Amino acid sequence: MDEKRGAVSMHRTIDFPNLGIHLKSVGDHITVFGFDIAYYGIVIGIGILAGLMMAVMEAKRTHQNVEDYYDLAIYGVIFSIIGARAYYVIFSWDMYKDDIKSIINIREGGLAIYGGVITAIIVVFIFAKIKKISPFLLFDTGGFGLITGQMIGRWGNFFNREAFGGYTDNLFAMQLPVSAVRVHEITDEMWAHVQIIGGEQFIQVHPTFLYESLWNVGVICFLYWYRKRKKFQGELFLTYLLGYGLGRAWIEGLRTDQLQIGMTGIPVSQMLACILVIFSAVTILWGRSNAKRKEQAKTNE
């Protein structure tokens, strides 16, 4: 906690100066009956529910048993959160090795999306085998839920003042008090452009949470357009991996809190995004080509 906050401050502003947006008091939690509930958790919860509803809507459209998706959601959500946390902790071990108990504290953030996606994929295969359902149909349907949850869940980073990029003065530039962020995520360039406003130090950064959320809106729209054009089961999920990966690959490069592989300096999520983009693109091309050959074979019979 001490590392997360450079100093104790009541300054809770978040500004987007080039857009003329000035938010004077953005808290990170609400208090109910003396118990603090983090906005991060609330936003993640909203994202999960919205994602489930999107998956259920798609299941109804394709005449599937929606109860399967409610059942899958129970296991998927639980294990995906565990997987997302495990991924984050593994690649941020220096932050937790001296305070093991903090591993279970996710109220301050620390969930890696790709960790959740990888775990969800494993859960789907196991669930499909037990239920004797096509896992690829589940993937296509669940992809709508995943991208929706990610689109909304990213706003948890907004309330936590985290997952931001380096210095920028572009249209979407965001100003944050230095006292409200993790000091080790402030780069030399950001320090060089620190502004003093009202006696408080402010950094000006890329709001990468916003970039990713808006990118995901585009991915959702494309999936809706593409769903009637898919040629094989699993293609929509591969398209989701491709679309999300393209955005994540460049957005991850902007962030100053990248999870890296040991001392290599290689951002693990950026590398994984690139691998998934290539894998998805190749598999989609192969799958569509294979589907076309089958259609031609049927025509020639």
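This report describes the nonpolar cores of the structure and some nonpolar residues at its surface.

The model is predicted, so local features need pLDDT of at least 70 and side-chain atom pairs pLDDT 80 or more, while totals for chains, interfaces and linings use all residues. Residues are numbered from 1 along each chain as its sequence is written, and side-chain values use heavy atoms, without hydrogens and water.

A nonpolar core is a set of buried Ala, Val, Leu, Ile, Met, Phe, Trp, Tyr and Cys residues joined through side-chain atoms within 4.5 Å. Buried means under 20% relative accessible area, exposed over 50%, and partly exposed in between (1.4 Å probe, protein chains only). The largest core has 46 residues, and those touching the most other members include Tyr87, Tyr114 and Tyr240. Among the elements giving two or more residues to this core are H1 (39-61), H2 (66-90) and H8 (235-252). Helix H8 gives the most, eight residues. Helices (H or I, at least four residues) and strands (E, at least two) are DSSP runs, numbered from the N terminus.

Beyond its neighbours within four places in sequence, Tyr87 is in contact with residues including Ala112, Tyr114 and Leu272; contact means heavy atoms within 4.5 Å. A second, separate core has 15 residues, among them Val26 and Met190.

| Residue | Element | Relative accessibility |
|---|---|---|
| Ile21 | strand S2 (residues 21-23) | 36% |
| Ile82 | helix H2 | 49% |

Ile82 and Ala180 are 98 residues apart in sequence and 27 Å apart in space, C-alpha to C-alpha.
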